[in-house]
Every structure is written in structure tokens, then in C-alpha cells.
Amino acid sequence: MKDKSAGRQQLYTDDYFEKGHWGLKIWQTVVGLFGWICVAVPITLTVLSFWASYDPRVIHLWSYNEGIFEIKFIGILLLFAFVTVSLFAVGMTIIQNRKRDRVVEQWPTFNPIDQRKREDTLGDFMTQRFGDQEFRENVRDYQVKPEQNLDTDQIHQLYQQRNLNDLDK
């Protein structure tokens, strides 16, 4: 039995997880811990100060009325944002589920055989009108003659002539 890892190619490297590199490991660990301390300390101080304004047993780090008002205001804004985003997410989920039930799960939404016939018909029409496909795809500049312009519903009429119009079925 072959070793499965022998056939795999490692697409990334990380010196932190390799053997050795102790200076890098220590430095990145210290920076990571410092970053988490910079996140945790302000949050802890703010929560304790807000809690202390309601409970005298908690240590009062600061008790400015403006700070307490600002925390309440931000809390109300975040609550409003959460409710708005939640309503939007639930609404979009309902809309998408209904749309999926009505459209997507009625597979196929088109006749694949007629679709292929439409592609061939349109390809033949474009070749007749503008030249072969290779020429059309590789020409740098092309001047369309006035008689080559398409009418508004010309492709629709072409499909009707060949009985390939799914809209009328």
C-alpha cells in the first residue's frame, strides 16, 4: 500500500510550525499575545465601568455620565443594526426559497434540444450575415453595413419561423 502523503504536493510553508526557528516563534507569539491584550483590556474596562454604574459592588474605574450615555447610545445603534440586518437576511432567505421553488426546481427551465437548435440556428444566421465564426472572433475592426443591422425582434422572428420559440409554448 502506498503512502498517501507521498503523492501530495505541499503548496504552502510556514516557518512558525517547522522545526527550529525559535526566535520567530517567540516573536510571533509575543506579538499575538500583545494584540489580544490590546483587544481584551479596553473591552474589559468598558464593561466593568458600565456595570459599575448599576452595581456599587463593582470597582469604579470611571463613571462619567457622558461615557455611560455613549455606551447606551452605541448599544441602541448596534441593536437597531442587528434587527435591520436580521430582517433583511430572513426576508431575502424567504424570497430566495420561494424563487427556487418556483423556478430553479422546475428543471429544466428550457428544452435542451430546442436550446441546441436555437444555438445552431443563431450561429448559421450570424455566419450568413457577418461571416464565419473564426473571422468574427478574430477580426480587430469591423464596419457594419447599414443593411447588416438587426431589427429589434429579428432573432425572435427567426426562432418563430423555425418553431423554436419557448416563450410561445
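Predicted model: local features only at pLDDT ≥ 70, side-chain atom pairs only at ≥ 80, totals over all residues.
The protein chain holds 5 helices and 0 strands, and read from the N terminus on, its elements run α-α-α-α-α. Of its 169 residues, 11% count as buried, and the accessible surface of the chain comes to about 15300 Å², with 61% of that belonging to carbon and sulfur atoms. If we take the contacts with a separation of 6 or more, 30% of them are accounted for by residues 24 or more positions apart.

Let me turn to helix 5, which covers residues 154-161 and in which Gln154, Leu158 and Tyr159 are buried. Seen down the axis of helix 5, these buried residues fall within an arc of 140 degrees, so they line one face of the helix. What do the buried residues of helix 5 pack against? They pack against helix 3, and from that helix, residues 112-130, I would like to pick out threonine 121. Threonine 121 has a relative accessibility of 8%, and because buried means under 20%, this residue counts as buried. Just after helix 5 comes asparagine 163, which takes a positive phi of about 60 degrees.

Now to the aromatic rings, where the count comes to 3 aromatic pairs. In one of them, the rings of phenylalanine 50 and tyrosine 54 have their centres 5.4 Å apart and their planes at 75 degrees, and since planes over 60 degrees apart count as edge-to-face, the pair is described in that way. Phenylalanine 50 counts as partly exposed at 26% relative accessibility, whereas tyrosine 54, at 52%, counts as exposed. Phenylalanine 135 and tyrosine 142 also form an edge-to-face pair, with 6.0 Å from centre to centre and 75 degrees between the planes. In this pair phenylalanine 135 is partly exposed at 38% relative accessibility, and tyrosine 142 is likewise partly exposed, at 36%.

Definitions and conventions: Residues numbered from 1 in each chain as written. Heavy atoms only, no water. Helix = DSSP H or I, 4+ residues; strand = E, 2+ residues; numbered from the N terminus. Buried < 20%, exposed > 50% of the residue type's maximum accessible area, 1.4 Å probe, protein only. Arc of directions from axis to C-beta. Contact = heavy atoms within 4.5 Å. Phe/Tyr/Trp six-rings, centres within 6.5 Å; stacked < 30°, edge-to-face > 60°. Areas by Shrake-Rupley, 256 points an atom, 1.4 Å probe, with all protein chains shown as cover.
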